[in-house]
Amino acid sequence: QIQLVESGGGLVKAGGSLRLSCTASGSAFSGSAIAWYRQFPGKQREFVARISSDGSANYADSVIDRFTISRDNAKKVVFLQMSTLKPEDTAVYYCNVPWSRNWNQGLVSWGQGTQVIVSS
């Protein structure tokens, strides 16, 4: 089974950029879609972006044209490049293997996530 660890979060000013990393262990990485999610305080986790095994990407409307998801299969890493950040992007960001029938659901154990704080 794939295990995923998130990193790269931090504090950034509005309008700035951050790149998050999702590092995988396990042999099934290259054949798996990977998605990023985020969770606001007191809210349910929500879908942010997904990348298929062949590199096709999908995004939530709220991040289109600002976030870019990519993957490096050789290094078993999925990146989330976040640009033009807004205070409302402040959340804990997680990655997981999305269920094919409902991308809002992850198939593997959730990691600890990485905190992103965008100051105004």
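**Aromatic cluster.** I looked up the aromatic residues and found that Tyr37, Phe47, Tyr94, Trp103 and Trp110 form one cluster. The model is predicted; local features need pLDDT of at least 70 and side-chain atom pairs count only at pLDDT 80 or more, while totals for chains, interfaces and linings use all residues. Residues are numbered from 1 along each chain as its sequence is written, and side-chain values use heavy atoms, with hydrogens and water left out.

I count 4 aromatic pairs in the structure. Rings of Phe, Tyr and Trp (its six-membered ring) pair if their centres lie within 6.5 Å; planes under 30 degrees apart count as stacked, over 60 as edge-to-face and the rest as tilted. For Tyr37 and Phe47 I read ring centres 6.2 Å apart and planes at 80 degrees, so this pair is edge-to-face. Tyr37 is in strand 4 and Phe47 in strand 5, so the pair ties together parts 10 residues apart in sequence. Strands (E, at least two residues) are DSSP runs, numbered from the N terminus.

I then checked burial, where buried means under 20% relative accessible area, exposed over 50% and partly exposed in between (1.4 Å probe, protein chains only). Tyr37 is buried at 0%, and Phe47 is buried at 13%. Phe47 also pairs with Trp103: the centres are 5.6 Å apart and the planes at 35 degrees, so I note this pair as tilted. Since Phe47 lies in strand 5 and Trp103 in strand 11 (residues 102-106), the pair ties together parts 56 residues apart in sequence. Trp103 is partly exposed, at 27%.

**Charges over rings.** I searched for NZ of Lys or CZ of Arg within 6 Å of a ring centre and within 35 degrees of the ring normal. Arg45 lies over the face of Trp110, 3.8 Å from the ring centre. Arg19 lies over the face of Phe79, at 4.1 Å.

**Disulfide.** I searched the whole structure for cysteine sulfur atoms within 2.5 Å and found 1 disulfide. Cys22 is joined to Cys95, S to S 2.1 Å, and the link is right-handed, with 85 degrees about the S-S bond. Cys22 is in strand 3 and Cys95 in strand 9, so the pair ties together parts 73 residues apart in sequence. Both cysteines are buried.

**Core.** I took a nonpolar core as a set of buried Ala, Val, Leu, Ile, Met, Phe, Trp, Tyr and Cys residues joined through side-chain atoms within 4.5 Å. The largest one has 32 residues, and Leu80 is among those with the most contacts inside it. Counting contact as heavy atoms within 4.5 Å, I find that Leu80 touches residues including Trp36, Val48, Phe67 and Tyr93.

Note on methods: Helix = DSSP H or I, 4+ residues; strand = E, 2+ residues; numbered from the N terminus. Lists of a residue's contacts leave out its neighbours within four places in sequence.
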